[in-house]
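Please open the structure in your viewer and keep the selection tool at hand. The tour below goes from one selection to the next and says what is found at each stop.

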Amino acid sequence: MSSVTGKNIRLSVFGESHGEAIGCVIDGLPSGVKLDFDRIYADMARRAPGRDKTSTPRLEKDIPHILSGMLGDKTTGAPLAMVIENTNTKSGDYDNIMTVPRPSHSDYPAYVKFGGNNDIRGGGHFSARLTAPLVFAGAVAKQILETKGVTVGAHIKQIGSVSDTPFDKNGVTKEQLLDLSSKSFSVIDPDAEDKMRGEIEKYRLDLDSVGGIIECAAVGLPVGAGGNIFDTVEGRLSQILFGIPAVKGVEFGLGFDFAKSNAKAVNDCYEVVDGKVALKSNNNGGVLGGMTSGAPLVLSVAIKPTPSIAAPQDSVNLQTMENTTLEIKGRHDPCILPRAVPVVESAVALGILDILSE
């Protein structure tokens, strides 16, 4: 099992959903960077559970306790380590899944891989609870990126059958991204929020859940960051993004829509604007040949419906090897999209910082 990512800025995540604590260690950060912890807490709060009916009622404050790497409000250059206590666990809710794996969860392959020794409570080390340290690391990365003129932000592009206004791929602005990052329910079209909340409620009342798409962008990137073949911007960002539980797809720019297009319609042509080379369109999402093109970086992430639902589901008893019906207890999100926005932002920010650190 690997819980470490990054080449230059290395993030190691530890803990289990119902263990004593979760946390992370970030190695490779520059020294002397002043961090605004109020802004870090704000991002943590956007991800934290128990805020409204769109999320699990499990209420965790998610306050990071710094162990090393800070002196006052500045980084020292040593590994930045922090922990978050788990204070609102109900491990008894998971007694019935010790030997009956939940559909579409990691339970069964983890049971086989680790011989049944994995911590199943709340998903253990496979839980989305582990995205809290990722958001902490991403919040740190975003502040460092600001000193380089780079801004990252995201919004809920789609929940079920309801869609938000997509980014103008060649016209994303810093101000737009900062505005989206300040919202607890990040959408571009104000009317989309009520419609999306209605979509979530429909599935919640039916003892079900619903998935969707998050669209993320970054502006201010230089031309030529990244590399080719196995060191592409797409590959390195995707590795972190696929570390987020429930992510099942990542696309850059038009992504899979390229398959039904022709080159004349989607090629990103060049022009000179104010004495500088610029792109007339940005269908490739700001990446060409694995390197940043100077246009906004734009990607989309597909999030599957939360597999833990209250409706009965077919499963098996791993001890008796008989078919059975599983009724999942506990507190779960009918839709994780609102809470996943800062997680996607954080993954992209951390990946970009790692790339730019070369």
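Begin by selecting Ala192, Met196, Glu199 and Ile200, which are the buried residues of helix 5, where buried means under 20% relative accessible area, exposed means over 50% and partly exposed lies in between, with a 1.4 Å probe and protein chains only. Helices (H or I, at least four residues) and strands (E, at least two) are DSSP runs, numbered from the N terminus. Seen down the axis of helix 5, the buried residues fall within an arc of 95°, so they line one face of the helix; the arc is that of the directions from the helix axis to the C-beta atoms. Now turn to the other side of helix 5, where Pro190, Asp191, Asp194 and Leu205 are exposed. Helix 5 covers residues 190-205, and its 16 residues reach 24 Å from the first C-alpha to the last, close to the 22 Å expected at 1.5 Å a residue, the expected span being 1.5 Å times one less than the number of residues. What covers the buried residues of this helix includes strand 8 (151-159), strand 9 (162-163) and helix 8.

Before moving on, note that this is a predicted model, in which local features need pLDDT of at least 70 and side-chain atom pairs count only at pLDDT 80 or more, while totals for chains, interfaces and linings use all residues. Residues are numbered from 1 along each chain as its sequence is written, and side-chain values use heavy atoms, with hydrogens and water left out.

A nonpolar core is a set of buried Ala, Val, Leu, Ile, Met, Phe, Trp, Tyr and Cys residues joined through side-chain atoms within 4.5 Å. Of the 72 residues in the largest core, Ile26, Phe136, Ile159, Leu241, Leu297, Val348 and Ile352 touch the most other members. Which residues are in contact with Val348, leaving aside its neighbours within four places in sequence? They are Val152, Cys216, Leu237, Leu241, Leu297 and Leu299, contact being heavy atoms within 4.5 Å. A second, separate core of seven residues includes Val172, Leu180, Ala217 and Val298.

Stay with helix 8 and pick Leu353, which lies in this helix and counts as buried at 2% relative accessibility. Not counting residues up to four places away in sequence, Leu353 touches Ile9, Leu29, Ala141, Ile144, Leu145 and Lys148.

The charged side chains are the next stop. A search of the whole structure finds 20 salt bridges, each being a side-chain nitrogen of Lys or Arg within 4 Å of a carboxyl oxygen of Asp or Glu. Select Lys142 and Glu345, whose side chains meet in a salt bridge (2.9 Å, N to O). Lys142 lies in helix 3 (residues 131-146) and Glu345 in helix 8, so the pair ties together parts that are 203 residues apart in sequence. Lys142 and Glu345 are both buried.

Then show Arg102 and Asp107, a salt-bridge pair with the closest N and O atoms 2.7 Å apart; Arg102 counts as buried at 5% relative accessibility, and Asp107 is buried with a relative accessible area of 3%. Asp231 is partly exposed, with a relative accessible area of 22%, whereas Arg236 is buried at 9%.

Now look for the open sheet, in which five strands follow the order 1-2-3-7-4 with antiparallel pairing, two strands being paired if DSSP finds at least two bridges between them. Strand 1 (4-5) and strand 4 (65-68) stand at the edges, each with a single partner strand, so one side of each is left without a neighbour in the sheet. Select strand 3 (residues 21-27) and strand 7 (residues 80-85), which run antiparallel and are joined by six bridges. Gly23 has Val83 as its bridge partner in strand 7.

Finish at two loop residues. Ala246, found in the loop between helix 6 (233-241) and strand 11 (247-252), has a positive phi of about 85° although it is not a glycine. Asp274, in the loop between strand 12 (270-273) and strand 13 (276-279), has a positive phi of about 55° and is likewise not a glycine. Ala246 is buried, with a relative accessible area of 18%, whereas Asp274 counts as exposed at 77% relative accessibility.
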